[in-house]
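This briefing sets out the strand pairing, the disulfide and the backbone features of the structure shown below.

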Amino acid sequence: QVHLAESGGGLVQAGGSLRLSCAASERTFSSGAMGWWRQEPGKEREFVAAINWGGAVTYYAEAVEGRFTISRDNAKNTVYLQMNSLKPEDTAVYYCASRTRSGINYYMVRASAEYDYWGQGTQVTVSS
């Protein structure tokens, strides 16, 4: 059964840190890319970060570059998003996504249609 489960969200003050986790069933923890996206109420879902299967290739949205770090532990079927220096504008529901097809590039990771499975999301709220 397809399953992605995010955890680690919560309320934090500006400047603080949170670490999101996404635990995947073996079927969904693919040999392709894993990504994090976020969505604010009334806005479109936006790309945050992505990582290839081996973990050596990562991509970030400009808004989070230098503050967020994506990583994965294939032995645990888990992908992480370490978020530091959080800002109020980082407030959103954060989603984990999995792509089953191989290959990763700058443009592909930023297209939501390129991902095959999505989690239910976890709320991150940053207070000022």
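Buried means under 20% relative accessible area, exposed means over 50%, and partly exposed lies in between, with a 1.4 Å probe and protein chains only. Strands (E, at least two residues) and helices (H or I, at least four) are DSSP runs, numbered from the N terminus. This is a predicted model, in which local features need pLDDT of at least 70, side-chain atom pairs count only at pLDDT 80 or more, and totals for chains, interfaces and linings use all residues. Residues are numbered from 1 along each chain as its sequence is written, and side-chain values use heavy atoms, with hydrogens and water left out.

- Five of the six residues of S4 are buried, so S4 is largely enclosed by the rest of the structure.
- Strand S5 (residues 46-51) likewise has five of its six residues buried and is therefore largely enclosed by the rest of the structure.
- Strand S4 (residues 34-39) runs antiparallel to S5, and five bridges join them; two strands count as paired if DSSP finds at least two bridges between them.
- Within this pairing, Trp-36 stands opposite Ala-49 in S5, and Trp-37 has Phe-47 in S5 as its bridge partner.
- S4 and S5 form a hairpin with six residues between them, and Gly-42 in the turn has a positive phi of about 80°.
- S5 is also joined by three bridges to strand S6 (residues 58-60), in an antiparallel arrangement.
- The bridge partner of Ile-51 in S6 is Thr-58.
- A hairpin with six residues between its strands is formed by S5 and S6 as well, and in its turn Gly-55 has a positive phi of about 90°.
- S4 is joined to S9 by six bridges, and these two strands run antiparallel.
- Gln-39 stands opposite Val-93 in S9.

**The open sheet of S1, S3, S8 and S7**

- Four strands form an open sheet in the order S1-S3-S8-S7, with antiparallel pairing.
- Strand S1 (4-7) and S7 are the edge strands, each pairing on one side only.
- From one strand to the next, the twist averages 15°; for such angles, axes are lines fitted to C-alpha atoms (for helices over the stretch in contact), and the angles run from 0 to 180 degrees between N-to-C directions.
- S1 pairs with strand S3 (residues 18-24) in the antiparallel sense over four bridges.
- Ala-5 stands opposite Ala-23 in S3.

**The disulfide**

- One disulfide (a pair of cysteine sulfur atoms within 2.5 Å) is found in a search of the whole structure.
- This disulfide joins Cys-22 to Cys-96, with an S to S distance of 2.1 Å.
- Cys-22 lies in strand S3 and Cys-96 in strand S9, so the pair ties together parts that are 74 residues apart in sequence.
- The link of Cys-22 and Cys-96 is left-handed, with -80° about the S-S bond.
- Both Cys-22 and Cys-96 are buried.

- Asn-77 is not a glycine, yet it has a positive phi of about 55°.
- Asn-77 is found in the loop between strand S7 (68-73) and strand S8 (78-83).
- Ser-85, also a residue other than glycine, has a positive phi near 50°.
- Ser-85 is placed in the loop between S8 and strand S9 (92-98).
- With a relative accessible area of 41%, Ser-85 is partly exposed.
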